[in-house]
Amino acid sequence: MSEALKQAKQEVLKGCRLTCEKNFTVGTAGNISARVLGEDRFVITPTSMDYNLLTEEDLVVIDMDGNVVEGKWKPSIEHNLHRYIFKNRPDVNAVVHVHSTYATAYASIEGIEEMLALDIEAANYLGGDLKIAAFAPPGSDELAEAVRDQLGELAGVLMRNHGSCCVGGDMQMAMTVAEIVEKTCYSLFLIRAIGTPYRFPEEYKAGSFERYCKFHREKKA
């Protein structure tokens, strides 16, 4: 096993541990992956297995053409979603898809098409307001393409009636993004119960993506 592959597997196990600690998953919901640095493949969680019990031997390795190259279990049904993101975003080395409570609930409200980056933390970490990808069946190419396209160059995307998908230069960053998305959705519920969210001035909002890129590059380095 190459050192890069071993590191990627450790990143995925770290993501599994953090997902459980932060109560972002119920049962075996969600999926986590990490790019194998310097190699044309990535590591992803297997389908329908408890994160608390996973070991390196349980993880699945897939190449960027979608072929399983290592693993005794079937990969997560969302493996194409992860693969499309890795292929489209060379800056991304970790992908976290969770069914966290507030992100899932917020993405299930009719008439809401985006999640506002409503505070300084969200603006700097996310790069701007996040889109909500249209609903499509789990594991489908339609869902994978919608998530990839609506993610764009930002740090996350919500998934209609489903959850969120967050990315980062490493697993810690991707998990931090997932936390900020969950916190922001919770805050929006509180705000909308009383009034209307206040939007940043346009000149500040316009710099969100630039600040996100700068912060992301610094963390990655």
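Author: A contact here means heavy atoms within 4.5 Å. The structure discussed is a predicted model.

Reader: Among contacts in the protein chain with a separation of 6 or more, what percentage comes from residues 24 or more positions apart?

Author: The contacts considered are those with a separation of 6 or more. Within that set, residues 24 or more positions apart account for 66%.

Reader: How many helices and strands does the protein chain have, and why is it described as being as compact as a globular protein of its length?

Author: The secondary structure comprises eight helices and nine strands. For 221 residues the globule rule gives 17 Å, and the protein chain is as compact as a globular protein of that length because its radius of gyration is close to that value, at 17 Å.

Reader: What share of the 221 residues in the protein chain is buried?

Author: A residue counts as buried when its relative accessible area is under 20%. Of the 221 residues in the protein chain, the buried share is 53%.

Reader: Is Ser 48 buried or exposed?

Author: Ser 48 lies in the loop between β2 (41–44) and β3 (60–63). Its phi is positive, about 55°, although Ser 48 is not a glycine. The cut-off for exposure is over 50%; at 58% relative accessibility, Ser 48 therefore counts as exposed.

Reader: Where is Asn 161 placed?

Author: Asn 161 is a residue other than glycine with a positive phi, near 55°. Its relative accessible area is 46%, and Asn 161 is therefore partly exposed. Its place is the loop between β8 (156–159) and β9 (163–168).

Notes:
Residues numbered from 1 in each chain as written. Predicted model: local features only at pLDDT ≥ 70, side-chain atom pairs only at ≥ 80, totals over all residues. Heavy atoms only, no water. Helix = DSSP H or I, 4+ residues; strand = E, 2+ residues; numbered from the N terminus. Rg over C-alpha atoms; globule rule 2.2 N^0.38 Å. Buried < 20%, exposed > 50% of the residue type's maximum accessible area, 1.4 Å probe, protein only.
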